[in-house]
Amino acid sequence: NLAATLVDLIPVSRTLEIPGSAGGAASSFVAEIEVGIDITHTDPVDLLVTLKNPDAVPTVLWDQSSPNSENLVGTFPTTLSPAEPLTGVARERMGGVWTLVVEDVGIGPIIRGGTLNSWSLRVSEESIVDGAVDPPLTIQGVGQRVSYSCRLTALSKLGATPVSAEYSL
C-alpha cells in the first residue's frame with residue numbers, strides 16, 4: 001500500500017486482499033488476526049483507526065488513545081492494545097478484501113498532520129478435521145499470492161501426537 005497523508009476529518013482507506021480461505025464460524029475453525037500499523041503523527045490521540053473485514057464488519061483498533069509517544073507504530077494485539085477485541089472479527093470469513101480506515105478526528109487551533117506509511121494483516125487459521133482422512137489432505141481456498149505455513153497433529157482418545165515440523169509454501 002502506498003503512503004497516505006492524513007488531514008483533519010478526512011478518512012483515508014487502504015485495502016488488502018486475502019485470497020479465499022477456510023473461514024467461517026464453525027466449531028472446527030479458529031483464526032487469529034494481527035494488524036501491523038505504521039503511522040507518522042505528532043499526536044496519535046487525534047486518530048481513529050478501524051479495520052473492516054470482507055463482510056464490512058468494523059472493529060475499532062485505535063480510538064484517540066495515547067501511545068505515550070509520537071507516531072503509532074506496532075502490531076494489534078501484541079504490541080498495541082486494540083480498542084475492541086479482534087476475536088469477533090476472527091470468527092468471520094477471512095478471505096476477501098480487508099479495509100483499514102484511518103481518520104484524524106482531532107480538531108483545534110493547531111493543525112497536526114500525519115502519514116499512514118503502511119499496514120499489514122496476518123491471519124493464522126486452524127482447522128480441525130474430525131474423522132478419518134485419506135491422504136492427501138486438501139486445504140480449500142489456498143491462494144497463490146499469500147505465504148502459508150502448516151503444522152499437523154493427530155488427535156485421538158489417547159491425546160495428541162507431537163506436532164509436525166512446519167511446512168511452508
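Ala56 sits in the loop between β4 and β5, where strands are DSSP runs of E with at least two residues, helices are runs of H or I with at least four, and both are numbered from the N terminus. This is a predicted model, in which local features need pLDDT of at least 70 and side-chain atom pairs count only at pLDDT 80 or more, while totals for chains, interfaces and linings use all residues. Residues are numbered from 1 along each chain as its sequence is written, and side-chain values use heavy atoms, leaving out hydrogens and water.

Let us stay with backbone geometry for a moment. Most residues other than glycine have a negative phi, and most peptide bonds are trans.

A cis peptide bond, with omega about 0 degrees, joins Phe76 and Pro77; Pro77 belongs to the loop between β6 and α1 (87–90).

Back in the loop between β4 and β5 we also find Asn53, which counts as buried because its relative accessibility is 2%. A polar atom of the Asn53 side chain lies 3.0 Å from the backbone nitrogen of Asp55.

Now to the strands on either side of that loop. β4 and β5 belong to an open sheet of four strands, ordered β2-β7-β4-β5 with antiparallel pairing (two strands pair if DSSP finds at least two bridges between them). Its edge strands, β2 (12–18) and β5 (58–63), each pair on one side only. Six bridges link β4 (residues 47–52) to β7 (residues 96–104), and Leu48 stands opposite Glu103 in β7.

What residues have the most contacts inside the largest nonpolar core? They are Ile37, Ile39, Val49, Trp98 and Leu116, in a core of 26 residues (buried Ala, Val, Leu, Ile, Met, Phe, Trp, Tyr and Cys joined through side-chain atoms within 4.5 Å). β3 gives the most to this core, with five residues. Among the residues that Val49 touches are Ile37, Ile39, Trp62 and Leu100 (contact means heavy atoms within 4.5 Å).

Finally, confidence: the protein chain has a mean pLDDT of 77, and 72% of its residues reach 70 or more (pLDDT is the predictor's confidence in each residue, from 0 to 100). Strand β4 has the highest mean, 94, and strand β10 (residues 155–156) the lowest, 68.

Conventions
Buried means under 20% relative accessible area, exposed over 50%, partly exposed in between (1.4 Å probe, protein chains only). A polar contact is a pair of N or O atoms within 3.5 Å; within protein, one must be able to donate a hydrogen and the other to accept it, and residues adjacent in sequence count only if both atoms are side-chain atoms. Lists of a residue's contacts leave out its neighbours within four places in sequence.
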